[in-house]
Amino acid sequence: CCPLTYYYFISFLQALDNLPSAQSCLPFNRSLPACFNGFGRDILQAMQQQQMNAITSFIDGSVVYGSGPKVNNLLRDLCGLNGKLTVNEHFKDPKGRPYLPFEESLQSVCLHGEENVACFRAGDSRVNEGLPLTSLHLLWLRQHNQIAETLKHLNGHWNAETIYEETRKIIGALHQIITMRDYVPKIIGKEFFDNYIGPYGGYDPTVDPSASNVFATAAFRFGHATISPVVRRLNASYQEHESFPSLKLHETFFSPWRIIKEGGIDPIVRGALGTQAAAPHSNKLLTDELTERLIVLSIPQDMDLASLNLQRGRDHGLPGYNDWRDFCGLERIRTLEDFKQVVSDASVAERILQLYKHPDNIDIWLGGLVETFSPGSRTGPMFSCLIAKQMKALRDGDRFWWEADGMFSQEQRDELLKVSLSKIICENTDITEVPPDAFIFGKYPSGYVSCNNLPAMNLEAWREEKSEGTWDNNSETVQSPSKGKMTEVQQSTKATYSTHM
Ligand code: HEM
């Protein structure tokens, strides 16, 4: 099992890549291995190398709060006694809205030139990779603090811990709703969604909800082909911003200073809403900004995301493209003609087979990426299948899924369902017009609506009358709430966050 080398170089065929010899290889960190302890009956299994997850797989808002108690505590405003998340102490946006707190590191990769701005800290360590991602993190931080404030107002008798946990539970539910209702069906298409995921049928304890290797290492990396080479920044009329023009993608990597010194997140969020995701071109699956100018933490040279994806698949020992087609009940590719049937561009099929010699050798990430999209989707059938299976497992195997018994009252569920990513943008920025569904591109002003016309969640559904024995605002010990018994919701809140971490 455990290999001796964790760090090595991916070498390139110079003839193919036409690179100077100094750039003929890229550094590559192997994923940290987890070895089986002791030998069970299956010696072959005991000798397999597996990788460790660094974060939870559940869709539970851990991207906002972290996946373990250490990050969790760093992100909480423990002094304010208000259940909020901690915010940046040094800077606010032009309208006084908060920013994410800074990471405390002397050697921050985010410190560019004269811009003395450190990296932001959030529940996921990748928060600084690019400006749109950072903006999304910031929206959720602001949303948490807004909800916490309202809950404190509605339930003056709740202590800081209760406000925090109840808010976190709502944010987790919103992540689940937005991901599963608004995002996933558009990626895999309605047909795959209905066939593979279907309606929710309750918690299933036999389902393993961990992230599968093939999902993280290949299938969900389809997203890399949707990235545009330019991050647009737009003004209130969704036109090129006068003061902060659009940026090349590589100029946005690890650059939180641009948010602080260049007008906050509003221009970036408008840019994301008002720009179409890149459509993969068969001759160039990923933009050069990702294959020639990528920056990753701790590697002081430009990297290539396509190479990393392919090598990561091999590092994790993923079976090849054909085996995964088999796994999904799709025909194996045996000949060039077969391959041409599933790939939109025949010349791409030819070139890939020329390179790999045999269809069984094709790396799964590449094979999946070049498949023709299924109707109404952004992925081919193999990736749709793998993403659908994972999403179903994440939903059905989550005992705290927002629709699971006892999680929320019917009134609360109805309120949660009103929320959309567009409304969250409206409530946490100064943007006043948005497309009603943030995942559907619209060219401004066509189809855009005023933020006032989008439904909002009414937190009255979380009002809890204070009665004897209700949780005490000033007490650290949790007393039994009304009628001497914790409500189901409160019980599950407590359990959620100790179990999911
Ligand atoms: C500018 C945008 C993006 C950049 C710069 C970026 C960069 C990266 C990098 C550097 C890695 C690690 C590669 C490795 O060493 O194996 C990675 C992993 C990954 N990326 Fe992206 N990515 C971007 C957007 C996306 C999008 C839009 C998606 C999906 C919709 C996505 C899905 C993934 C997944 C699933 C992984 C594996 C994560 C894991 O194993 O925990 N990425 N990305």
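Biologist: Which residues have the most contacts inside the largest nonpolar core, and how many residues does that core have?

Modeller: This is a predicted model, in which local features need pLDDT of at least 70 and side-chain atom pairs count only at pLDDT 80 or more, while totals for chains, interfaces and linings use all residues. Residues are numbered from 1 along each chain as its sequence is written. The largest nonpolar core has 93 residues, and those with the most contacts inside it are Ala 219, Leu 386, Ile 387, Ala 388 and Ile 425. A nonpolar core is a set of buried Ala, Val, Leu, Ile, Met, Phe, Trp, Tyr and Cys residues joined through C-beta atoms within 7 Å. Helix 6 (residues 160-188) gives the largest share of this core, twelve residues.

Biologist: What makes this core lie between domain 2 and domain 3?

Modeller: Domain 2 (53-181 + 228-276 + 418-501) and domain 3 (189-223 + 285-407) both give residues to the core, so it lies between them; the domain bounds come from an automatic or database domain assignment.

Biologist: With which residues is Leu 386 in contact, leaving aside its neighbours within four places in sequence?

Modeller: Leu 386 is in contact with Val 214, Phe 215, Ala 219, Trp 324 and Cys 328, a contact being two residues whose C-beta atoms, placed from the backbone, lie within 7 Å.

Biologist: Why is His 224 called buried?

Modeller: A residue is buried if 20 or more other C-beta atoms, placed from the backbone, lie within 10 Å of its own, exposed if 12 or fewer, and partly exposed in between. His 224 has 21 other C-beta atoms within 10 Å, so His 224 is buried. UniProt lists His 224 for "binding site" in an unreviewed entry, and such annotations may be inferred rather than shown by experiment.

Biologist: Why is helix 10 said to be largely enclosed by the rest of the structure?

Modeller: Eight of the eight residues of helix 10 (residues 266-273) are buried, so this helix is largely enclosed; helices are DSSP runs (H or I, at least four residues) and strands likewise (E, at least two), numbered from the N terminus. The buried residues of helix 10 pack against helix 5 (131-154), strand 5 (230-231), helix 19 (421-428) and strand 7 (433-434).

Biologist: How many residues surround the ligand, and which are the closest?

Modeller: The ligand is surrounded by 15 residues, the closest being Ala 216, Phe 220, Gly 223, Leu 308 and Arg 312, where a residue is near if its C-beta atom, placed from the backbone, lies within 6 Å.
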